[in-house]
Amino acid sequence: QVQLVESGGGLVQPGGSLRLSCTASGSFDSINVMRWYRQPPGKQRELVAGITAGGSTNYADSLKGRFTISRDNAKNTVLLQMNSLKPEDTAVYYCNADVAISGPAYRFWGQGTQVTVSS
């Protein structure tokens, strides 16, 4: 079984920064795409950013320039650096990963980490 564990969430003031981390563990062959999603209160889950094993990235248009996704393949970890945070960034942030296990790839989700931006 594959597990994704997020960390780094918390309470931050507007304009502040946070760095989220998500590490995959378990038995698998490789990790293809890793992504961050978020779900604001009362809203649907939305894609924040994704990154391939080769380092190609994509972002939600509204977040370009403030959020940066990166990964450490050796540690099976994806990071999300969030700068200039706004109250509307308040959400539960989830990571997911497309993980290859004996050929096919399967998508796994983490349990989420709460980010609250408030003064």
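Predicted model: local features only at pLDDT ≥ 70, side-chain atom pairs only at ≥ 80, totals over all residues.
User: What makes Asp98 count as buried or exposed?

Analyst: Its relative accessible area decides. Asp98 has a value of 12%. Buried means under 20%. Therefore Asp98 is buried.

User: Where is Asp98, and which residues does Asp98 touch?

Analyst: Asp98 is in strand S9. Leaving out residues up to four places away in sequence, Asp98 touches Ser30, Ile31, Asn32, Val33, Arg35, Tyr106 and Arg107.

User: Why is the link between Asp98 and Arg35 called a polar contact?

Analyst: The side chains of Asp98 and Arg35 are joined at 2.8 Å. The cut-off for such a pair of N or O atoms is within 3.5 Å, so the term applies. The side chain of Asp98 also makes a polar contact with the side chain of Arg107, at 2.7 Å.

User: How do you know that Cys22 and Cys95 form a disulfide?

Analyst: Their sulfur atoms are 1.9 Å apart. The cut-off is within 2.5 Å, so the pair qualifies. A search of the whole structure finds one disulfide.

User: Which parts does the pair Cys22 and Cys95 tie together?

Analyst: Cys22 lies in strand S3, and Cys95 lies in strand S9. The pair therefore ties together parts that are 73 residues apart in sequence.

User: Are Cys22 and Cys95 buried or exposed?

Analyst: Cys22 has a relative accessible area of 0%. Cys95 has 1% relative accessibility. Buried means under 20%, so Cys22 is buried and Cys95 is buried.

User: Why is Trp109 called partly exposed?

Analyst: Trp109 has a relative accessible area of 36%. Buried is under 20% and exposed is over 50%, with partly exposed in between. So Trp109 is partly exposed.

User: Where is Trp109, and which residues does Trp109 touch?

Analyst: Trp109 is in strand S10, residues 105-109. Among the residues that Trp109 touches are Leu4, Tyr37 and Cys95. The C-alpha atoms of Trp109 and Gln44 are separated by 16 Å, and these residues are 65 apart along the chain.

User: What makes Lys86 partly exposed?

Analyst: The relative accessible area of Lys86 is 36%. Lys86 is found in the loop between S8 and S9. Lys86 touches Arg66 and Val117, not counting residues up to four places away in sequence. The C-alpha atoms of Lys86 and Ser118 are separated by 8.0 Å.

User: How do you know that S1 and S3 pair?

Analyst: S1 and S3, residues 18-25, share five bridges in the antiparallel sense. Pairing needs at least two bridges, so the two strands pair. Leu4 stands opposite Ala24 in S3.

User: Which sheet do they belong to, and what makes a strand an edge strand there?

Analyst: Four strands form an open antiparallel sheet in the order S1-S3-S8-S7. The edge strands are S1 (3-7) and S7 (67-72), and each pairs on one side only. The twist averages 15° from one strand to the next.

Conventions. Residues numbered from 1 in each chain as written. Heavy atoms only, no water. Helix = DSSP H or I, 4+ residues; strand = E, 2+ residues; numbered from the N terminus. Axes fitted to C-alpha atoms, helices over the stretch in contact; angles between N-to-C directions. Buried < 20%, exposed > 50% of the residue type's maximum accessible area, 1.4 Å probe, protein only. Contact = heavy atoms within 4.5 Å. Polar contact = N/O pair within 3.5 Å; in protein donor to acceptor, adjacent residues only side chain to side chain.
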